[in-house]
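Here is a short briefing to read alongside the sequence and the 3D view.

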Amino acid sequence: MTTISQHRPPTVPAPDQPPRRNYLNNGYSVRSWLLTTDHKRIAVLYLLSVTFFFMIGGLAASVVRLDLTTPEADLVLTETFNKLFTAHGVIMVFFFLIPSIPSVLGNFLVPLMIGARDLAFPKLNLLSWYIYTLGGLFTIYALVAGGVDTGWTFYAPYSSTYSNTHVMATAVGIFITGFSSILTGLNFIVTIHKMRAPGLTWFRLPLFIWSTYATSIIMVLGTPVLAISLFLVGMERLLKIGIFDPKLGGDPILFQHLFWFYSHPAVYIMVLPSMGVVSEIIPCFCRKRPFGYAFIGFSSFAIAVFSFLVWGHHLFVSGQSVYAGLVFSALSYLVAIPSAIKVFNWTASLHKGSISFDTPMLYALGFVGLFTMGGLTGLFVAALAVDVHVHDTYFIVAHFHYIMVGGAVMGYLGGIHFWWSKMTGRLYPEGWARLSAILIFVGFNLTFFPQYILGYLGMPRRYHVYPEEFQVLNVMSSAGASILAVGYFFPLTYLLWSLRWGKIASSNPWRAAGLEWQTSSPPPTENFAQTPVVRDEAYDYATIDAQLAAVKPSSPGVELSHG
Amino acid sequence: MVDVHSTRVPSAVRSHSDSASHSALLPPSALAHQFDDIEQQHAADELGIWLFLATEIMFFGGMFLAYAVYRRQDEAAFAAASTKLDAGLGAINTAVLLCSSLTMALAVHAAETAQRKHLIALLVLTIFLGTVFLGIKGYEYHHKYEVGLMPLAGFPFVWEGPSAGHAQMFFNLYFVMTGVHALHMLIGLGVLTVLAIKALRGGLLGEFATPVNITGLYWHFVDIVWVFLFPFLYLVR
Amino acid sequence: MSHARPTVRTLVFVFVALLLLLALTFEASRHNLGRWNFAVATVIAATKALLIILFFMHVRHSALLIRLVVAAGFFWLAIMFALSLADYGTRAWLPTM
Amino acid sequence: MIDDGFRLFPEQASTHAPRVDLLYFFLLGVAVFFTVLIAALIVYFSIKYRRGNTQVDRTVSHVESFRTELVWMVVPLILCVMIFTWGADLYFSGYRPPAGALEIRVVAKQWMWKFQHPDGKREINTLHVPLGGAVKLTMISEDVIHSMFVPAFRIKRDVLPGNYANCWFEATRTGEFHLFCAEYCGTNHSRMTGRVIVLEPAEYQAWLAGGNANEPPAEAGKRLFEELRCVTCHVAGGATGRCPPLENLYDHPVRLVDGQTVKADDGYLRESIVRPAAKVVAGFQPIMPSFDGQVSEEQLIDLIAYIKSLAKPAAAPASEAGDRP
């Protein structure tokens, strides 16, 4: 547990006072971490786990990209290549993206933001982490034992009958992890409904809470359907029964319906929390209330509900009825509206702001740009005839990476930087952080923009060997991926460095609004010395800045502590 | 946006680090530290279990969807396969499960009104009825195995008549759906056993009745699943 | 948790109703109602489920939020069925000229 | 054409391709417009309202405006409706083969494409088609899901096991074009590729005539029909009374025992051979044994071609066929 020791509190406390008690120095034993029911410690456990999985998933992606620099299969065997992209997809989707913001930032922030002492069910929260870890172990086992080659989509009958890799262990791993997701979502919904501080009405809630709530709805109502579809595939493999087997009159498309009923909304499990993070960061670095608070909030709900109506757009070429395709295409455009509302409102929030460009803001602005590009290419893939051409090509790969990496991961990193001081009590080095934010933005675009072109040219996804004329664009993409890898490596390094050598943070270094900034950094185990009573509207930056100006009229660097 | 105003009241501005403060009001185990009062805790528990049951609806829903799709494809085959199930036993089992739901509902009532003896008796009765259900289910499974209607794990599937494929699909669905249901019953029986032991030790009464109430909701849900499984599997004509 | 609860008398009454509905669905299945067989069975099952939810599971006395959660569960189930069956119901319509 | 070197845009080689591309360019225009709009606004605000700039008016008049929100809800909505209608229209025309198309049968398996031309000529991983004139592919998989993808034609269709899938195209340029499997199908998915060779019609005829003589599918089907002893029951005109007659069956409506009516297309005929009891014709008993596993997908195609040959081509559907199968 060397990582834990790095979380020690300031080694050089101010000489005149003893180290303040906080959640990090409240016990150092392994037991005090592994049996904790403190939502903040569980968030740290998740942070370590998802970082671990991110590195494995990233490693798999690196080998895939490296191999694709040449059209031939000359780095790894094709079997290995297939297992690598499957590992990349499974790990990044189920073990990094889905738990990333909800389980790390959500766990840490939801009780703090609503002025509660903990989530409604702290033991269940710890159980969620153990379930996640157990699911992760199954998946790691599947990888070590030889891998799985079905793609993260597990399409029957390939997954149920034909693949002779470790489909069962992986499916069990994802099945188990799904329950972690369900329990986390359940915990958030109950907490947000029942544990808000006095005076904290729905329309005073931070937008991150709105988006977390919307995400939780998807987790609770969508994940069980993924569980049952994987369960049926597992039964088919284990008991040799043919639920999806055409030989018994089974329908492989039924699997796709069940799978995408969850897996399309799952995209919004990944990106909605990021939208919440961005909705926190932008007001703070513009020093003003976001434009159209209620519209941003309700659009999160609209996205959560609409996301369940559109899964069939993954089946336009599958043999689904063309009339159903028509319905799903029309419904898919519904999601465009709340997404557009959000992007326009964020942009309008900049208007007449007092904008500074600290690292979280760079990530947030990067998110808005990349999400816009990802979202707009969503119009292409929802347009039936165009989707027929680009379906299962690199166009799709580029599209969903713009949403899931350009969107979700940028938001995640922005959030980690924004709340890092709250989580650890330390400041990260700003210069390095800005450099890496820019590197990630550039590297990302260089990696994935060429893939749009590749896709429209017709290069199918999951191809190990490909025609020579696609090589130039693939090399560009791989070059971008190496920049991206360097970009990701930086935060990993300097954030760890900051744990010991970073400047000690005050309770509110960004002078941000929100209850989480009104307690000390890192917060005490019980979060607040007294239950906060909320009398202000959300994002009341005008008042905060006015108070600040009254305290010290002309020094912008001052840190106002409410704690 | 049901509760526009927070459920928490501003009156309770008190120190949290001092956990002894509420031990004077209530026995320490009734109120968890993260809640302000027992009402808030009960409301959270109830909302939590209902959200869990909503996930269960979707979980079973996936299987019911598979059933609906395949039944549409070949209704005659499903009807023919259904006649091989013993509708009488199915009806008896439904009655057994409905009885257990009644005893469970009465157990919740007994726990909340702090009638210890009633609670113990009703929990034991519920466990007994649940076991009877599983016993009958086991007998049916065994019978299907003996007559070659259990197409699992390479066991033979003997089918005289048309549409052997779809008939086999019916039995696949029958075993998967009732199997998952039986698994839920087993989990429920395990929890009920723990509750019965706690009740024997004098727990679960009055303010402490929440576990009984939550288990009751779960048990009724499992009952509802069977209420649909019974006609869809045994009574297809 | 609101503490308004159905009385023992109500619970027993509901139980008797459930047994009667069981007898009804069993009896109905013995008669050939043609295409109505399935509809009748489904309606009776839904009625039984509703009775259990309202009385055994206290939803009749529950807060609005709880009722919303129950409704949401079934609403999402309805989404899944409606849109999936929209595919299966229209597959044969594929226009081939 | 294959090996044309580096390019940024795929060539158009079918009647469908320029239509899809037109929609694509419209979408590209929309996407570029909004991306540039958002990016320009972000950059402009970022510069104008940067913290260091003290010379700018920051009085915020309002932080909510229903009218503004309405604008950016309605404008995207109108665009979306447009794109949806356009895309849907093309989608239907892309999947609805015109009458009289040249019909080529495709059987996909891990990891190859098998083609059979109407005269019986077979080829693997290479598909010769004539220039001009619609070509309809009727496809089925022997194992997992594959997907027929010809980028230059802008067509793609998943090839499923257990049921026929169709797509069609009309080539507008001669030459060789890529053919990919687009749905992941196992280890050598990326090697399940081939070429579509578009020939002038005369050259196509010459190509068909070359090589070994082929047994036309209908004749192969007739031979199989006798070998499999189908003729025992299915005598001409359905005279045994045990089964409906096969003459004039193909593409005609059939009334089933449950009162439904289906069209006797490829999919129905295939199902009736492998799962005879699934859709029994009204007035008959489900006595036919299943031929599932006894005939290959290619043989099924031959049998269907034989049944098709028993129907009068392009005849007006006999009104009686609905009542009496």
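In which kind of crossing, left-handed or right-handed, does H9(A) pass H14(A)? In this predicted model, H9(A) passes H14(A) in a left-handed crossing. Let's start with that pair and then turn to the contacts between chains.

**The helix pair in chain A**
- The axes of helix H9 (residues 252-286) and helix H14 (residues 394-424) of chain A come within 8 Å and cross at roughly 45°.
- H9(A) and H14(A) are therefore oblique to each other.
- On the H9(A) side, the residues making the contact include A:Val267, A:Met270, A:Val271 and A:Glu280.
- H14(A) contributes residues including A:Gly407, A:Gly411, A:Gly414, A:Gly415 and A:Phe418.
- Sorted by class, the contact of H9(A) with H14(A) has 11 nonpolar, five polar and one charged residues.

**Where chain D touches chain A**
- Here 73 residues of chain D are in contact with 73 residues of chain A.
- The side of chain D that touches chain A divides into 42 nonpolar, 14 polar and 17 charged residues.

**Where chain C touches chain B**
- In this pairing, 36 residues of chain C are in contact with 37 residues of chain B.
- Helices H1 (8-30), H2 (36-56) and H3 (64-90) of chain C each supply at least two residues of the side of chain C that touches chain B.
- The largest share of that side, 16 residues, comes from H3(C).
- By class, the residues of the side of chain C that touches chain B are 28 nonpolar, six polar and two charged.

Key
Residues numbered from 1 in each chain as written. Chains lettered and ligands numbered in written order. Predicted model: local features only at pLDDT ≥ 70, side-chain atom pairs only at ≥ 80, totals over all residues. Contact = placed C-beta atoms within 7 Å. Nonpolar A, V, L, I, M, F, W, Y, C, P; charged D, E, K, R; others polar. Helix = DSSP H or I, 4+ residues; strand = E, 2+ residues; numbered from the N terminus. Axes fitted to C-alpha atoms, helices over the stretch in contact; angles between N-to-C directions. Parallel < 35°, antiparallel > 145°, perpendicular 65-115°, else oblique. Left-handed = near helix turned anticlockwise from the far one by under 90°.
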